[in-house]
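Work through the exercises below with the sequence and the model in view. Each task is followed by a solution in steps.

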Amino acid sequence: MEVLELYELSYSDLLLVSSNNVSLEELERVELSSKAIMEALGPMGPGLLSITGVPNAAALLRNLLPLARKLALMDPNHRKLILKDHKLGSDVPLKNPDRKVSSFAMQIKYSNDFEDTHVNSEHELVSGFDNLGNGFRELGICMMELGLRLARICDRAIGGQELEQSLLESGTAKARLIHYHSVLEKTILVQEARPKKAVSSKRIRIGDEVKRSGGDDSSNLWQQWHYDYGIFTVLTAPLFVLASNAQASEEREEECAYPNGHTYLQIFDPSKKNVFMVKASPESFIIQVGESADIISRGKLRATLHSVARPPKFEHLSRETFVLFLQPAWNKTFYTEDYPMNQISGTSKEIKCDDESESRRITEGIQKIVPPLAMRLKNGMTFADFSRETTKQYYGGTGLQSNK
């Protein structure tokens, strides 16, 4: 599989390009950076980029990301109390032992003025889960600033202020702390829930998991192929954890480097008709374009079709990340009169491959599980209606991924 090295935008350049006051000496730098951003996020680019050098990012990530695995594997009753104390919920069925991921969620509010938003450089180390909720909010607000500033830059390149205003009118964003379970963790959770199963079930379940997560047309996936339907999705570069014993609550665990040097976020690039493994710097932030930005920009930004792959031959390896979904207000109305419908992301014309049979099988498999935008979007639809229709066509009773 080919590797995609993301365009890296430094935090200092993000501040400069999104600023309202630029000197003549800085103008050329601003124009070059703005052009590079639009090339990365535009219709011929991959639809995502990374931001590096964010102040205090290392401390924020170090304090929060390791808690994902601890929450995912702890006693359910204890976990329920912790989530309640910190006003967190979950958008996956945590009682399902067969789950691939555990996700913990919070709605985060933000103000219209992020110019003076600064992360506390004296952020204290997390002791247990005492600072879980504050960690969510602090990292979430930091990531909101990144998304809002990027929206402002895109608006200037496109013309108007619709992207930034759509985010500000929404006033909230959904944050998720996600633990991607290792193969052995998942197998043990299933066995603990069904103690009467035969010992040999462990081997069977690992094989079944590989088949269910990827089938014949894709690799073993933690998360299936999909588009995010908001404006931007801001992700932390992942943390990988290698555990010595998935059954022990106090087992030895250690952070490890990216397996094979990759994040295992992968994208399908329709302009190149190929799947790419995303490479990003540790402690960076990745920003992906969602379908709402694609629609609002009338095709000048391109939504990113993506999935998360599980590294082969790493049965003890788990993956941790924190994600922020920046969405328009629920009553935001979408209009398609000026939208290039023949270039809609996810159409059969895009999801095709003329190369070798293996690539063709992969891309045809993706097409079967990703509902085309043309089937989900109608002129005059609100974002609430669009999100419901999208969820229905992906995961509803007759959805393309209802049994994935």
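The model is predicted: local features need pLDDT of at least 70, side-chain atom pairs count only at pLDDT 80 or more, and totals for chains, interfaces and linings use all residues. Residues are numbered from 1 along each chain as its sequence is written, and side-chain values use heavy atoms, with hydrogens and water left out.

**Exercise 1.** Describe the protein chain as a whole.

Step 1. Buried means under 20% relative accessible area, exposed over 50%, partly exposed in between (1.4 Å probe, protein chains only). Of the 404 residues in the protein chain, 55% are buried.
Step 2. Helices (H or I, at least four residues) and strands (E, at least two) are DSSP runs, numbered from the N terminus. The chain has twelve helices and 14 strands.

**Exercise 2.** Find the residues at the centre of contacts in the largest nonpolar core.

Step 1. A nonpolar core is a set of buried Ala, Val, Leu, Ile, Met, Phe, Trp, Tyr and Cys residues joined through side-chain atoms within 4.5 Å.
Step 2. The largest one has 72 residues; Leu 71, Leu 132, Phe 136, Leu 177, Phe 232, Phe 322 and Leu 324 touch the most other members.
Step 3. Helix α6 (residues 132-158) gives the most to this core, twelve residues.
Step 4. Apart from this core lies another, of 35 residues, including Tyr 180 and Met 277.

**Exercise 3.** Is Ala 173 buried or exposed, and what does Ala 173 touch?

Step 1. Ala 173 sits in strand β5 (residues 172-180).
Step 2. With 1% relative accessibility, Ala 173 counts as buried.
Step 3. Contact means heavy atoms within 4.5 Å. Neighbours within four places in sequence aside, the contacts of Ala 173 include Met 106, Tyr 110, Met 144 and Phe 325.

**Exercise 4.** How is helix α8 placed, and how do α3 and α4 pack?

Step 1. Eight of the eleven residues of α8 (residues 183-193) are buried, so this helix is largely enclosed by the rest of the structure. Among the buried ones are Glu 185 and Lys 186.
Step 2. The axes of α3 (residues 57-64) and α4 (residues 66-73), lines fitted to C-alpha atoms over the stretch in contact, with angles from 0 to 180 degrees between N-to-C directions, come within 4 Å and cross at roughly 10 degrees.
Step 3. That makes α3 roughly parallel to α4 (angles under 35 degrees; over 145 is roughly antiparallel, 65 to 115 roughly perpendicular, the rest oblique).
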